[in-house]
Amino acid sequence: MWKNPASFALSALTTFALLLPLERLTWGAGPTPSEPSASQPSPYAEIDDDYVELIQMFADALDQVDRNYVEKLDRRKLIEAAIRGVITELDPHSTYIPQEELARFRTNIDQQFGGIGIQIDSRDGQLIIASPLVGGPAYDAGLGAGDRILEINGQSTKGMTIDDAIASLKGDEGETVSLVIYHPAEFRTETVVLEREMIQLQTVLGDQRLENNDWDYIYDHDQKIAYVRITIFSRNTAEEFAAVLQQLKKDEIRGLIVDLRSNPGGLLSAAIEISDRFINDGKIVSVEGRNTPKREWSAVPDTTLVDVPVAVLVDHFSASASEIVSACLQDHDRAVVIGQRTWGKGSVQNIINLEEGKSAMKLTTASYHRPSGKNIHRLADAKDTDEWGVSPSPDMEVKMTPKQIAAFQNYRRRRDMGTLTPHPPAPEPPLAEVDPVLAKGLEYLESKLPEPASP
């Protein structure tokens, strides 16, 4: 029992100061902070009188709970609950990783597990599907971006963290997971049972498949307008994308649509490499935080693969790496952005070891900025009038009603599962009805091609 809360407060401060310099593991592609030089301000919290007073208040509260609560408590659980309470106030991507979960967390980073092929996020306290991966169990079952996950295996997702939800969705290949899903576009709820699979899917897709199951990356063969869809930015995406562009260059395409709708992001390195294929010089993206040194990535000369007019398609569920690419091409006037304002996920998480590596925190420490310097990340209290995400270019906003979204998802799923001979037939019903965003992109590119294509 803590005999003197004030003494405990000072002890807590000392312990906190000792824990600060421990090893930091970079989460994703974020930078690892370096130790400050004598000329740099300390990256750690300033320990002043006000800070000591707040720590003492925190210690007093814990001491009162420990001494006076109706039942005896496990102090470790009490402290861990307090840490979780602090981190819960930050953002959905910052979490505390206790001792018993740390080994599993590190294993999950390094190894593959069975899953149902979805990316999830949190908005307004609800777990939502940010993107179902084409060809995965969830996609084939009809789940779409924006669908809300109400239950996982009978457990309500209310208050569930993203990491806890991912752990519940993962499992051995062949096992099943039961979900209760609300489809806001159709105002209905259903229960679906999905079988987990090893998710290793192609991430650079076309509009429809040929008879040999390869993707056809040219949408309009008469006008030579190509269509390339990126579903997620994984380890092989940049290489796949470069190979597709090389082939399209040989095909002498005259316009290109890059579809990033419902793309939840992924690796920063993939976003940088793909952006570099469109611009020959200049900044691609930068990252900076309150105590994180600013870092910039710029285009590498002579790596550009295409110089034709480009339209990038985005929607509300385009996030992270998708926003880096679309913002880069928009700021360099290399492409128009068509659709709706993006999600606003531009934060960097670092893994910070606690207790000499026995537990850890995944903490948001920095944010990405577009070439213009404008912010990408949407903070919890951000307003629609604030700078965040990527907005469509002037006169290029295309809003879709819930009915249109449901029709588009069904149309897109049918084309993904079918094959064609030898080229895509004219969509039925008209494209403007089932995919007005793509129709707007084709309209824009056709306006940039006054001369008819050569035979």
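Student: Which side chain meets Asp63 in a salt bridge?

Tutor: That's Arg67, with an N to O distance of 2.7 Å. Keep in mind that this is a predicted model.

Student: Where do Asp63 and Arg67 lie, and how many residues apart?

Tutor: Both sit in helix 2, 4 residues apart, which is about one turn of the helix.

Student: Is Asp63 buried or exposed?

Tutor: Asp63 is buried, because its relative accessible area is 0% and the cut-off for buried is under 20%. Arg67 is partly exposed, at 37%.

Student: Why would two such side chains pair at all?

Tutor: In general, side chains of opposite charge can pair when their charged atoms come close.

Student: How many salt bridges does the count come to?

Tutor: The count comes to 19.

Student: Ok, give me another one. What does Asp207 form a salt bridge with?

Tutor: Arg415, and the closest N and O atoms are 2.6 Å apart.

Student: Are Asp207 and Arg415 buried or exposed?

Tutor: Both are buried.

Student: And which residues are joined into one network with them?

Tutor: Arg229, Arg412 and Asp416 join Asp207 and Arg415 there, through salt bridges that share partners.

Student: What about Arg188, which residue does it form a salt bridge with?

Tutor: Glu186, with the closest N and O atoms 2.9 Å apart. Arg188 is partly exposed at 34% relative accessibility, and Glu186 is partly exposed too, at 38%.

Student: Switching to the surface. Which residues form the negative patch?

Tutor: Asp48, Asp49, Asp50 and Glu53. Of those, Glu53 is placed in helix 2, which covers residues 49-68. Glu53 counts as exposed because its relative accessible area is 56%, and the cut-off for exposed is over 50%.

Student: Where does Gln349 lie?

Tutor: In strand 21, residues 347-354. Gln349 is buried, at 4% relative accessibility.

Student: Backbone question: what's phi for Ser262?

Tutor: Near 60°, a positive value in a residue other than glycine. Ser262 lies in the loop between strand 16 (255-259) and helix 8 (268-276). Its relative accessible area is 17%, so Ser262 counts as buried.

Student: And what's phi for Glu356?

Tutor: About 55°, so positive as well, although Glu356 is not a glycine. Glu356 is placed in the loop between strand 21 and strand 22, and it is exposed, with a relative accessible area of 71%.

Student: Last one. Where does Pro371 lie?

Tutor: In the loop between strand 22 (359-369) and helix 10. At 16% relative accessibility, Pro371 counts as buried.

Student: How many residues separate Pro371 and Asp331 along the chain?

Tutor: They are 40 residues apart along the chain, and their C-alpha atoms are separated by 6.4 Å.

Note on methods
Residues numbered from 1 in each chain as written. Predicted model: local features only at pLDDT ≥ 70, side-chain atom pairs only at ≥ 80, totals over all residues. Heavy atoms only, no water. Patch = residues over 30% accessible without salt bridge, like charges linked within 9 Å, V, L, I, M, F, W, Y side chains within 5 Å. Areas by Shrake-Rupley, 256 points an atom, 1.4 Å probe, with all protein chains shown as cover. Salt bridge = Lys/Arg side-chain N within 4 Å of Asp/Glu carboxyl O. Lys, Arg positive; Asp, Glu negative; His and termini not counted. Charge placed at Lys NZ, Arg CZ, Asp CG, Glu CD. Helix = DSSP H or I, 4+ residues; strand = E, 2+ residues; numbered from the N terminus. Buried < 20%, exposed > 50% of the residue type's maximum accessible area, 1.4 Å probe, protein only.
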